[in-house]
Amino acid sequence: MNTLILDALSNFRQLPTFGENKFNSIEIINNIENDNETFEWIILLQNGKIDNVPTRFKNVLVSDTSAENVLNVMIKEAKNSDNVVVVNATNPFFDKEFIHKMFFQHRDFLADYTYAIGYPDGLVPTILSLSCLKQLQAISKENSFDVVKCKNYLFQLLSKDINSFDVETFVAPVDLRIKRISIGNSDLGEFIFTSSLVEKLGVNIAYDDLANFLSEHSENLFSTIYTMFVDITDKEITSATYLPKCTSSIDFANVEKIEKIAQEVTEVNSKMRIIIGNKCEPMIHPNFVDIVNKFLSKGFEVIVETFGCELPENLNQLADDNVTFVFKIDAENENTYKVVHPSGDYKTVLNNYEKVKGLGFKTYFQIIRTIETESDIEKLIKNKQENILIKKYSSYCNVLDDKKVVDLSPLERFECYHLRRDLYLDSALDVYYCMYSNEKVGNAGEEKLVELINKQKKSFMSHAQGNMQDFCLKCDDYYTFNF
Ligand code: SF4
């Protein structure tokens, strides 16, 4: 006996419907996999956000989404099976020919684990023997994590002891991994992207044709914004030598306008990550805590990037612990610090770093990798500096000198992650083409966020079709990302 498991654990709301017939992804699977010849048993694992489950499916609600529990549930539900095929239930593309080919190869070669590489995440199933599933469940006891946060959880567990398994691999006609594409309904961006693909290609497209299409038409990859950077002041404070001068026209961002933007963000992506501070110091804004709380109260994760020279007195009034502090210290000792931050004070910054940690906030020690800091990085690693973030140096499209230690850029250029995923605002709430360029494209205080995102979509499409801005041609930050 073989079981088809439809995994909808990361589904974020009711499944959308597609095409003239208005079928959702599980109805599409039900219609295509319409006999019980290959899979005698079909199970839907879900979080309660899907109504109207086809009666043929066993509907299983899972509230504990730890890997250990999810695998337990799978084993229990598929207990008499030889093999289980785990598909993303929120993916409307069900290429039966491809899936059956995978399955028969897995079964006939007596494989433990069969998967595909190079396709978009969430497109192609994973196949496991029941004994492999049990072994992964044993591994998960020591390495448990939330499967909603790690959708590739089966491979994550397998990779802990991959040599113990007989693994079969299917390889995509083009390797799309670098494009970081994800299909399904786990957030608004995935929903927008998947719906637009269905609109263009229909649901009956073969997986290889879909992969080829995405490789040739990467202008379609824009969905929505995932990270918004907001500089709420225009004060540089430490005159960091790896940052260009701020060009904002206003000292401190207007709190009412920030509140309007925070509200609009809930409408464009409720899972948006908010980064307060980028080139300038946020914690000297007189309403710093109030501004962070406006985003926290709407359920957003907030990351504060700070030079750490001054702390607001009311820092402990931050509403919850969904806030992280990144201290831009950039040195292991005072001498290097003075080179990188000529007007900062090393001891004060370290002291403030410890104070914020002491308040119980998640705190990181950041260092930009340059020719000036390279030996400090080695020392910090040797001294086991906790929570260290090593960040790539940017010349901001050749505005600054080249201080890179190594060139990690890919052999072939591809469309920019920042233009596809990020939005950058300065303290006047002016929106820029991206955080590395000086070109303003609008103002989030005056215009609707959704309109600004549409403008960015147009910029991305043009960029992905090869019409790059001059500053993009001088930039090597297109491959760094904040996913
Ligand atoms: S290529 Fe560089 S300059 Fe162009 S949008 Fe991307 S990050 Fe900005």
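This tour visits a helix pair, a strand residue, a loop residue and the ligand shell.

The model is predicted: local features need pLDDT of at least 70, side-chain atom pairs count only at pLDDT 80 or more, and totals for chains, interfaces and linings use all residues. Residues are numbered from 1 along each chain as its sequence is written.

**Stop 1: the helix pair**

Select residues 67-77, helix 2, and residues 130-142, helix 4. Helices (H or I, at least four residues) and strands (E, at least two) are DSSP runs, numbered from the N terminus. Helix 2 and helix 4 pack at an angle of about 155°, and their axes are 8 Å apart. Axes are lines fitted to C-alpha atoms, for helices over the stretch in contact, and angles run from 0 to 180 degrees between N-to-C directions. The two helices are therefore roughly antiparallel (angles over 145 degrees count as such).

Now show the side chains. Colour the contact by class: 6 residues are nonpolar, 3 polar and 3 charged. Ala, Val, Leu, Ile, Met, Phe, Trp, Tyr, Cys and Pro count as nonpolar, Asp, Glu, Lys and Arg as charged, and the others, Gly among them, as polar.

**Stop 2: Val-60**

Select Val-60 in strand 5, residues 58-61. Val-60 has 16 C-beta neighbours inside 10 Å, so it counts as partly exposed (buried is 20 or more other C-beta atoms within 10 Å, exposed is 12 or fewer, partly exposed is in between; C-beta atoms are placed from the backbone). Leaving out residues up to four places away in sequence, Val-60 touches Ile-43, Leu-44, Leu-45, Val-73 and Glu-77. Draw a C-alpha to C-alpha distance from Val-60 to Met-74: 9.8 Å, for residues 14 apart in sequence.

**Stop 3: Asn-322**

Move to the loop between strand 12 (301-306) and strand 13 (323-328), and pick Asn-322. Asn-322 counts as partly exposed, with 15 C-beta neighbours inside 10 Å. Beyond four places in sequence, the contacts of Asn-322 are Leu-296, Glu-301 and Val-302. Asn-322 and Ile-303 are 19 residues apart in sequence, with 8.5 Å between their C-alpha atoms.

**Stop 4: the ligand**

Centre on the ligand. 13 residues surround the ligand, and the closest are Cys-416, Cys-434, Cys-472, Cys-475 and Tyr-478. Helix 13 (417-421) and helix 15 (470-473) each give two or more residues to this shell. By class, the shell holds 10 nonpolar, 2 polar and 1 charged residues.

Definitions and conventions. Angles under 35 degrees count as roughly parallel, over 145 as roughly antiparallel, 65 to 115 as roughly perpendicular and the rest as oblique. Two residues are in contact if their C-beta atoms, placed from the backbone, lie within 7 Å. A residue is near a molecule or strand if its C-beta atom, placed from the backbone, lies within 6 Å of it.
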